[in-house]
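Reader: Please go through this protein with me, one question at a time.

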Amino acid sequence: LSNLTFTFQSTPSTSDFVGNTAQAMLVTTDIEDLLGNPKNFAYNATLVAEVLLEINPRNMLLYLQIKKPNISLPLTEPFYDIKFQNQPIPTELLEAWASAKPSSQMAFPSANQYIPTNFTVLPLQPNGTSPVELLSGSEVPLWYGRSAQFSQPKAYFECALDTAEVPRNATSYAMADLFSLAVSDALEETTALASLAGLNYAFSTTSTGFTMSVSGFSDTLQELLATVLETVTGGTSGG
């Protein structure tokens, strides 16, 4: 029964295996116990170092699966009748792996430019809860409203980009929708960095054009807005 349980056990994901092994490494005094339950909760730096030293190409098991191999395989798996063979990894390949130089692409990313550092909350002005028109008589009306419910160093910016070209016909709307998808694809890396810093953006197609919004900590929100505008306008936002 033990053999059958081991043979037909569900294969854990790589992340689960690494996580469970890492937990066991913190507590076990015997390397064989890494496969079992932890005995205590004392950090064992020596064992961690020993295990890390064992993680090298010479202790690696490399699996290659081929649906229809064009060679004859000498061994047969007893449970599923699958042909296979075992052979050591070539010495020259092991030596190449052992002497490999670190790749320049394997490095820590640069600092996240959207991480806020200023969390100052501006004081609420008299009658500051009513929206105020900042650009009066302009072709691009701009309104500002202050929330009095919660004092947070955050802002929300939304604008409508109306154009007669989008609702002209079905083709124009479809092209506008594709443009929105292209903008989202171009901003994928920016979105990930901004999200980690508590910022968000949205750009979508409407029946009259497009809507664009950014929200989050006001300290770096303007930088995200500038990046989104530059992407939307093809680098012609002019700051």
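Predicted model: local features only at pLDDT ≥ 70, side-chain atom pairs only at ≥ 80, totals over all residues.

Reader: What pattern does the protein follow along the sequence?
Author: Helices (H or I, at least four residues) and strands (E, at least two) are DSSP runs, numbered from the N terminus. The protein has seven helices and seven strands. Read along the sequence, their pattern is α-α-α-β-β-α-β-β-β-α-α-β-β-α.

Reader: What percentage of the residues is buried?
Author: Buried means under 20% relative accessible area, exposed over 50%, and partly exposed in between (1.4 Å probe, protein chains only). Of the 239 residues in the protein, the buried share is 19%.

Reader: Which residues meet in a salt bridge?
Author: A salt bridge is a side-chain nitrogen of Lys or Arg within 4 Å of a carboxyl oxygen of Asp or Glu. Side chains of opposite charge can pair when their charged atoms come close. The structure holds one salt bridge, and its N to O distance of 3.1 Å joins Arg 168 and Glu 165.

Reader: Are those two side chains exposed or partly exposed?
Author: Arg 168 has a relative accessible area of 55%, so Arg 168 is exposed. The value for Glu 165 is 45%, so Glu 165 is partly exposed.

Reader: How much area does the nonpolar surface patch have?
Author: Patches are made of residues with over 30% relative accessible area and no salt bridge; like charges are joined within 9 Å, and nonpolar side chains (Val, Leu, Ile, Met, Phe, Trp, Tyr) within 5 Å. Accessible areas come from the Shrake-Rupley method with a 1.4 Å probe, and for residues only the protein chains shown count as cover. Leu 93, in helix H4 (residues 91-98), counts as partly exposed because its relative accessibility is 33%. With Met 60, Leu 62, Leu 64 and Trp 97, Leu 93 makes a patch of about 480 Å².

Reader: Which element gives the most residues to the lining of the second largest pocket?
Author: On a 1 Å grid over the protein atoms alone, a pocket is an open set of points where a 1.4 Å probe fits, with protein on both sides within 12 Å along at least five of seven lines; lining residues have an atom within 4 Å of a point. The second largest pocket is lined by 21 residues, with Tyr 144, Gly 145, Lys 154, Ala 155 and Tyr 156 nearest its centre. Strand S4 (142-144) and strand S5 (154-162) are the elements that give two or more residues. The most, five residues, come from S5.

Reader: Where is Asp 81 placed?
Author: Asp 81 has phi near 55 degrees, a positive value in a residue other than glycine. Its relative accessibility is 59%, so Asp 81 counts as exposed. Its place is the loop between strand S1 (75-76) and strand S2 (83-84).

Reader: How far apart in space are Ala 164 and Thr 208?
Author: Ala 164 lies in the loop between S5 and helix H5 (170-186), and is exposed because its relative accessible area is 62%. Ala 164 and Thr 208 are 44 residues apart in sequence, while their C-alpha to C-alpha distance is 6.9 Å.

Conventions. Residues numbered from 1 in each chain as written. Heavy atoms only, no water.
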